[in-house]
Amino acid sequence: MRALIQRTFRSKLSVDGQIVSQIPCGLTVFLGITKGDTEEQADYLARKLSNLRIFRDENDKMNLSIKQAGGEILLVSQFSLAGTLGKGSGNRPDFGQAELPERARELYERVTQKLLEEGITVKNGVFGAHMFIEQQQDGPLSFIFEC
């Protein structure tokens, strides 16, 4: 399981020209599910996102979690994060480690549910759709997290 986590001032996700989800300040999280990923990993990722201290406190230090900062999460399934670029002469990405869609959806939905249980407002993309995402990054501040 691989997540690209970005702190954002705002994010908006559209499909076919229609706004599907949008959040004010918070995190935009792109999630790639790989073969063999488990429910335990999904639970761990949700706990990590809930408690990650990357928001500014009154002293301008990264010391607050999303819960403390009152932010929201836009969670976007992105199978290409399960891809590899590899070494060698080829230039085409390899997506052989990406989980099958049905199982990937289950784990994606589990992460969403666990975040909601943590008391965080979560907005989602459309699983498997071609999405257009506009965001205003804060920092910019981005992290790659694997579990």
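Helices and strands are here DSSP runs numbered from the N terminus, a helix having at least four residues and a strand at least two. In this predicted model, strand E3 gives the most to the lining of the largest pocket, with three residues. The protein chain as a whole comes to three helices and eight strands, which follow one another along the sequence in the pattern β-β-β-α-β-β-α-β-α-β-β. The radius of gyration of the protein chain is 15 Å, close to the 15 Å that the globule rule gives for 147 residues, so the chain is as compact as a globular protein of that length.

**Overall chain**

- Taken along the principal axes, the C-alpha atoms of the protein chain fill a box of roughly 50 × 35 × 30 Å.
- Of the 147 residues of the protein chain, 41% count as buried.
- When contacts between residues at least 6 apart in sequence are considered, 72% of them join residues at least 24 apart.

**The largest pocket**

- The largest pocket holds about 340 Å³ of space, and of the 18 residues that line this pocket, the closest to its centre are Ser77, Gln78, Phe79, Ser80 and Gly128.
- At least two residues of the lining come from each of strand E3 (26-32), strand E6 (72-77) and helix H3.
- Sorted by class, the lining of the largest pocket has twelve nonpolar, five polar and one charged residues.

**Aromatic pairs, with Phe79 and Phe95**

- The count of aromatic pairs comes to three, and Phe79 and Phe95 form one that is tilted, with 4.9 Å from centre to centre and 50° between the planes.
- Both Phe79 and Phe95 lie in the loop between E6 and H3, where they are 16 residues apart.
- Phe79 counts as exposed because its relative accessibility of 53% is over the 50% cut-off.

**Thr121 and its surroundings**

- Thr121 lies in the loop between helix H3 (101-117) and strand E7 (122-124), and with a relative accessible area of 37% Thr121 is partly exposed.
- Leaving aside residues up to four places away in sequence, Thr121 touches Glu72 and Ile73.
- Thr121 and Ala98 are 23 residues apart along the chain, and their C-alpha atoms are separated by 27 Å.

Terms used: Residues numbered from 1 in each chain as written. Predicted model: local features only at pLDDT ≥ 70, side-chain atom pairs only at ≥ 80, totals over all residues. Heavy atoms only, no water. Buried < 20%, exposed > 50% of the residue type's maximum accessible area, 1.4 Å probe, protein only. Contact = heavy atoms within 4.5 Å. 1 Å grid on protein atoms, 1.4 Å probe; cavity = no way out; pocket = protein on both sides within 12 Å on 5 of 7 lines; lining within 4 Å. Points joined across faces, edges and corners; volume = space filled by probe spheres on them. Nonpolar A, V, L, I, M, F, W, Y, C, P; charged D, E, K, R; others polar. Phe/Tyr/Trp six-rings, centres within 6.5 Å; stacked < 30°, edge-to-face > 60°. Rg over C-alpha atoms; globule rule 2.2 N^0.38 Å.
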